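These are my notebook entries on one protein model, kept in the order in which I looked things up. I wanted to know what lies inside the fold and which side chains pair across it.

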Amino acid sequence: MRTSFCFKAACLAGVLALAGCASSLPAPEKYSGFLKDYSGLQETKSNSGKDILRWIDPAFKGSNYDSLVFNSVTYYPEPKPNTQVGQKVLDGLLNYTNTQLKAAAAARKPLVTKAGPHSLIFRGAITAVDCTKEGLQFYEVVPIALVVAGTQVATGHRTMDTHLYFEAELIDAATNKTVMRVVRKGEGKDLSNENTPMTIDTLKQVVDDLATDATVFDTEQK
């Protein structure tokens, strides 16, 4: 009887662990404050098939604008490097993000340094780069496997998930009103354990997906 109870409890714990790490969308507590307003965000899919949160002004039409002011992507808030995510990686990741997104923006609209009456202004920020221990897998949801999994977590040998959080908006330069907001979370490559240092390559695909979506997004879609 006790064995049966332990097994059921272990299964429940495993299911809860899996449910807790299943979302590919940023939770509200992950909103950084970079955007002044997070209301109206709706779950949708980007052109690359990623789950994102987005709001678009119903009156917005990309064809009404002839240029774009690209403000360089920043970190918000400023990250603190550590042994797993070093300053060199943070700097390289930010530079790569700006290179890719600026090229994507230039493919859509001529870039200008001073806004005109029909300009859009881009603001964007990497709001978090994190590494978290991978959740329990289905094959681990048995009592003895849970003991092994728990030991792996305690000793730092468990696989680490990596994520990059990104927030951005487009602003109408003439009215200074936001016409689009996007909040998204991208999953990078796994790290073998918490002692494995992150590299730019770990999150490179996340940035590439951002750039692809910025390039092919239909500004007339709602």
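Predicted model: local features only at pLDDT ≥ 70, side-chain atom pairs only at ≥ 80, totals over all residues.

Together Phe70 and Phe122 make a stacked aromatic pair, with 5.0 Å from centre to centre and 5° between the planes. I noted that the pair links distant parts of the chain, since Phe70 belongs to strand 3 and Phe122 to strand 5, 52 residues apart. A search for such pairs gave four in the structure.

Next I looked up the overall layout. I counted four helices and seven strands, and from the N terminus on I wrote down their order as α-β-β-β-β-α-β-α-β-β-α. The protein has 222 residues, of which 42% count as buried. When I took contacts between residues at least 6 apart in sequence, 78% of them joined residues at least 24 apart. The exposed surface comes to about 12,200 Å², and carbon and sulfur atoms supply 57% of that area.

Which residues have the most contacts inside the largest nonpolar core? I found Val73, Leu101, Phe122, Ile126, Leu164 and Phe166, in a core of 37 residues. Elements that give two or more residues to this core include strand 2 (51-56), strand 5 (119-133), strand 6 (160-172) and helix 4 (200-216), while the largest share, eight residues, comes from helix 2. I then followed Phe166 and, leaving out residues up to four places away in sequence, listed among its contacts Val73, Leu101, Phe122, Ile126, Val182, Arg184 and Leu210. Apart from this core I noted another, of nine residues, with Leu25, Phe34, Leu53 and Ala125 among them.

I also checked for charges placed over rings. Arg123 lies over the face of Phe34, 4.0 Å from the ring centre, and the charged end of Arg181 sits over the ring of Trp55, at 4.3 Å from its centre.

For salt bridges, a search of the whole structure returned seven. Lys30 and Asp130 meet through their side chains at 3.5 Å, N to O, and this pair links distant parts of the chain, with Lys30 in the loop between helix 1 (2-20) and strand 1 (42-45) and Asp130 in strand 5, 100 residues apart. I recorded Lys30 as partly exposed, at a relative accessible area of 36%, whereas Asp130 counts as buried at 14%.

A second salt bridge joins the side chains of Arg184 and Asp213, at 2.9 Å from N to O. Because Arg184 lies in strand 7 and Asp213 in helix 4, the pair ties together parts that are 29 residues apart in sequence. Are these two partners buried or exposed? Arg184 is buried, with a relative accessible area of 9%, and Asp213 is buried too, at 7%.

I then noted the salt bridge of Lys189 with Asp201, whose closest N and O atoms are 2.5 Å apart. Lys189 lies in the loop between strand 7 and helix 4 and Asp201 in helix 4, so this pair ties together parts twelve residues apart in sequence. Here Lys189 counts as partly exposed at 46%, and Asp201 is partly exposed at 40%.

My last entry concerns His163, which has its place in strand 6 and counts as buried at 10% relative accessibility. Its contacts, leaving aside neighbours within four places in sequence, include Val129, Asp130, Lys185, Glu187 and Leu203.

Key. Residues numbered from 1 in each chain as written. Heavy atoms only, no water. Buried < 20%, exposed > 50% of the residue type's maximum accessible area, 1.4 Å probe, protein only. Contact = heavy atoms within 4.5 Å. Areas by Shrake-Rupley, 256 points an atom, 1.4 Å probe, with all protein chains shown as cover. Core = buried A, V, L, I, M, F, W, Y, C linked by side-chain atoms within 4.5 Å. Phe/Tyr/Trp six-rings, centres within 6.5 Å; stacked < 30°, edge-to-face > 60°. Lys NZ or Arg CZ within 6 Å of the ring centre and 35° of its normal. Salt bridge = Lys/Arg side-chain N within 4 Å of Asp/Glu carboxyl O.
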